[in-house]
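Student: I've got a model open and I'd like to learn how to read it. Can we go feature by feature?

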Amino acid sequence: MTGIDDLPIRDELRGQSPYGAPQLDVPVRLNTNENPYPLPEPLVARIAERVAEAARELNRYPDRDAVELRTELARYLTRTTGHEVGTANVWAANGSNEVLQQLLQAFGGPGRTAIGFEPSYSMHALIARGTGTGWIPGPRHEDFRIDVAAAKAVIAERRPHVVFVCSPNNPTGTAVDADTVLALYEAAQEARPSLVIVDEAYGEFSHRPSLLPLIDGRPNLVVSRTMSKAFGAAGLRLGYLAAHPAVVDAVQLVRLPYHLSAVTQATALAALEHTDTLLGYVEQLKTERDRLVAELRAMGCEVTESDANFVQFGRFDGPGGAHAVWQALLERGVLVRDNGVPGRLRVTAGTPAENDAFLDAMRAVLKENNR
Ligand SMILES: Cc1ncc(COP(=O)(O)O)c(C=O)c1O
């Protein structure tokens, strides 16, 4: 039977598997950092209204530059970060994954490299691979903070064209302070002028302020955001970036024309009208996240400090390691994530009832393992 490797596919894709967290039909799904709260009914009704309006013009291509949406996203960023951002600073695409892909298409590519500090969001390396960009795995401290001295040394030695900083970091939950970003930015500019991408997909869940103000006077710094997490709209596929207007011009060289459908633009605009309600859910999730941290610690787990809507916990160094615990939780109807970080798993903060189910399952698994 013909398989991928029998096709004249690019050499670097041979033997690889596609990204994918298991999409299993279990009662409690806490594995992909989604927001557990469905969109509120008034917003669902508003989406229907705005989409109906857009539908009347679906014979036409959408606004290629998504100006209204970018303007509203800029307003949202200005309001929530206190930093003045304009339409020209903002770009939007189908999920922040597409934003990151467009950035690598424009600033990475064959003969170029990107660095990320692992463990981190695995798509950074996969998007690098997909765009033919070489990948450099960068170092972290044992406690998952970025090891700034070691990072600066690797940047000086390898001179990457793109530097990824994920804050709060997935899967560890660790937020990065502004001084660290500035140190990496300066090291990256010294090595060669390279693009520093701060991935703030979970920014709204952090105790720390956004790193967005750092784009001021730093044209090679980009902050990437998404409506998948805080806005509870993972199914919408809407990500965006804030940067110097020149970066926005650069991604337009590689974006497909009309990449953002009229339906997507209309839906995102409706969601932005309901920002306050949606950010209310974020507050609830932060409380639940902190409860997960406290309860897991009370069970004797080692828990990484989290600024996101998920928690990394362990250590499971017994037989079967973290994967055995993952399996035992799954058998109790709870799906968490095994990111391959040795001895650790990641759980997304769900509704209070989902979190209770997870915590009960964890207590049972730990009890069973001790027996
Ligand atoms: C750190 C990080 N960045 C980006 C994304 C991509 O999100 P989306 O493409 O849904 O905007 C995710 C999704 O899990 C993520 O964890």
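Tutor: Helices (H or I, at least four residues) and strands (E, at least two) are DSSP runs, numbered from the N terminus. Val 198, for instance, is found in strand β6, residues 195–199. Keep in mind that this is a predicted model, where local features need pLDDT of at least 70, side-chain atom pairs count only at pLDDT 80 or more, and totals for chains, interfaces and linings use all residues. Residues are numbered from 1 along each chain as its sequence is written, and side-chain values use heavy atoms, with hydrogens and water left out.

Student: Is Val 198 buried or exposed?

Tutor: Buried means under 20% relative accessible area, exposed over 50%, partly exposed in between (1.4 Å probe, protein chains only). Val 198 has 1% relative accessibility, so it counts as buried.

Student: Which residues is Val 198 in contact with, leaving aside neighbours within four places in sequence?

Tutor: Contact means heavy atoms within 4.5 Å. The partners of Val 198 include Val 165, Leu 211 and Val 223.

Student: How do I read a sheet?

Tutor: Strands of a sheet pair through backbone hydrogen bonds, either parallel or antiparallel. For pairing, DSSP must find at least two bridges between two strands. Here, an open sheet has 3 strands in the order β9-β10-β12, with antiparallel pairing. β9 (302–303) and β12 (344–348) each have a single partner strand, so one side of each lacks a neighbour in the sheet.

Student: How many bridges join β10 to β12?

Tutor: There are 5, with β10 spanning residues 310–314. In one of them, Val 311 has Val 347 of β12 as its bridge partner.
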